[in-house]
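This report describes the charged pairs and the nonpolar core of one protein model. The sequence and structure are shown first.

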Amino acid sequence: MFRLWAKLWKDNHLLNDLVIENASPELNRTRKIFAAIDEICLHYDLSKPIWLDANIEEFKRHDKTRFSQDNFIDSIDFDYLEIHVIEEDDD
């Protein structure tokens with residue numbers, strides 16, 4: 001089972017969180033991450049974040065990254081969206 005945890009933060013307070021699960025064996029890890037982000041954006045009514053180089057490097061290193069206003073085209077009413085892979089598929 002693949003699980004990704006999304007958290008909305010504002011002023012160092014957790015506003016809301018959501019765990020997305022994906023057990024689809026035909027999708028690779030990258031596709032599961034993007035599918036989870038699509039589901040998160042749909043749930044919170046957000047535009048899709050733009051992955052900057054810093055996000056990519058942080059995600060590669062820690063399986064976790066933050067998307068702030070710089071990553072969104074529309075304005076957001078929180079400080080950042082944090083995503084974190086909390087469970088990987090057993091191969």
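## Salt bridges and nonpolar core

K7 and E82 are both buried (under 20% relative accessible area, with exposed meaning over 50% and partly exposed in between, for a 1.4 Å probe and protein chains only). The model is predicted: local features need pLDDT of at least 70, side-chain atom pairs count only at pLDDT 80 or more, and totals for chains, interfaces and linings use all residues. Residues are numbered from 1 along each chain as its sequence is written, and side-chain values use heavy atoms, with hydrogens and water left out.

The structure holds seven salt bridges, each defined as a side-chain nitrogen of Lys or Arg within 4 Å of a carboxyl oxygen of Asp or Glu. Three of them, including the pair named above, are listed here.

| Salt bridge | N to O distance |
|---|---|
| E87 and R3 | 2.8 Å |
| K7 and E82 | 2.9 Å |
| K48 and D38 | 3.3 Å |

The side chains of K7 and E82 meet in a salt bridge. This pair links distant parts of the chain, with K7 in strand β1 and E82 in strand β4, 75 residues apart. Strands (E, at least two residues) and helices (H or I, at least four) are DSSP runs, numbered from the N terminus.

A salt bridge also joins the side chains of E87 and R3. Because E87 lies in strand β4 (residues 80-87) and R3 in strand β1 (residues 2-10), the pair ties together parts that are 84 residues apart in sequence. E87 is partly exposed, at a relative accessible area of 28%, and R3 is partly exposed at 25%.

In the salt bridge between K48 and D38, K48 lies in the loop between α1 (29-44) and α2 (53-62) and D38 in helix α1, so the pair ties together parts that are 10 residues apart in sequence. K48 counts as exposed at 55% relative accessibility, whereas D38 counts as partly exposed at 34%. Salt bridges that share partners join K7, R66 and E82 into one network.

The largest nonpolar core has 21 residues, and those with the most contacts inside it are L4, I40, L46, L81 and I83. Such a core is a set of buried Ala, Val, Leu, Ile, Met, Phe, Trp, Tyr and Cys residues joined through side-chain atoms within 4.5 Å. At least two residues of this core come from each of β1, β2 (13-22), α1 and β4. Its largest share, six residues, is supplied by α1.

I40 touches L4, A6, L18, I20, L81 and I83 (heavy atoms within 4.5 Å), not counting residues up to four places away in sequence.
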